[in-house]
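This briefing walks through one structural model, beginning with a single position and widening to the whole chain. Please keep the sequence and the coordinates in view while reading.

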Amino acid sequence: MKESTYKVSRLILYFFLVSIFLFISGNTGRYFIETQGMNRETALFLQGIMFTG
């Protein structure tokens with residue numbers, strides 16, 4: 001059997017990266033809605049693409 005390669009440091013790194021990407025995509029969408037007058041649905045779509053990428 002293979003040994004598990006689970007590491008707590010890797011889990012913390014992934015949590016940190018997901019938090020950063022969620023923060024950036026949320027602020028970018030809000031920026032486009034408030035300052036550029038972008039349609040809300042389009043901004044949400046852009047947020048989803050940024051977070052998924």
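Q47 has its place in helix α2, which covers residues 40–52. The model is a predicted one, and every value below is computed from it.

**Q47 and its surroundings**
- Because its relative accessibility is 18%, and buried means under 20%, Q47 counts as buried.
- When residues up to four places away in sequence are not counted, Q47 touches S25, G26, G29 and R30.

**S25, a contact partner of Q47**
- S25 is found in helix α1, whereas Q47 belongs to helix α2, and the two residues are in contact.
- With a relative accessibility of 4%, S25 falls under the 20% limit and therefore counts as buried.
- Besides Q47, the contacts of S25 include M50 and F51, once its neighbours within four places in sequence are left aside.
- A polar atom of the S25 side chain lies 3.2 Å from the backbone oxygen of L22, and L22 is itself one of the residues that make the nonpolar surface patch.

**The nonpolar surface patch**
- L13, Y14, F16, L17, V18, I20, F21, L22, F23, I24 and F51 together make a nonpolar surface patch of about 1,100 Å².
- Helix α1, which runs over residues 8–35, contributes the largest share of this patch, namely ten residues.
- F51, which is in contact with S25, is also among the residues of the patch.
- L17, another member of the patch, is placed in helix α1.

**The chain as a whole**
- The secondary structure of the chain consists of two helices, with zero strands.
- The radius of gyration of the chain is 16 Å, whereas a compact globule of 53 residues would have a value near 10 Å.
- The C-alpha trace spans about 55 × 20 × 10 Å along the principal axes of the chain.
- Of the 53 residues, 8% count as buried, and both Q47 and S25 are classed as buried.
- The accessible surface of the chain amounts to about 4,900 Å², and 68% of that surface belongs to carbon and sulfur atoms.

Terms used. Residues are numbered from 1 along each chain as its sequence is written. This is a predicted model: local features need pLDDT of at least 70, side-chain atom pairs count only at pLDDT 80 or more; totals for chains, interfaces and linings use all residues. Side-chain values use heavy atoms; hydrogens and water are left out. Helices (H or I, at least four residues) and strands (E, at least two) are DSSP runs, numbered from the N terminus. Buried means under 20% relative accessible area, exposed over 50%, partly exposed in between (1.4 Å probe, protein chains only). Contact means heavy atoms within 4.5 Å. Patches are made of residues with over 30% relative accessible area and no salt bridge: like charges are joined within 9 Å, nonpolar side chains (Val, Leu, Ile, Met, Phe, Trp, Tyr) within 5 Å. Accessible areas come from the Shrake-Rupley method with a 1.4 Å probe; for residues, only the protein chains shown count as cover. A salt bridge is a side-chain nitrogen of Lys or Arg within 4 Å of a carboxyl oxygen of Asp or Glu. A polar contact is a pair of N or O atoms within 3.5 Å; within protein, one must be able to donate a hydrogen and the other to accept it, and residues adjacent in sequence count only if both atoms are side-chain atoms. The radius of gyration is taken over C-alpha atoms; the globule rule is 2.2 Å times the number of residues to the power 0.38.
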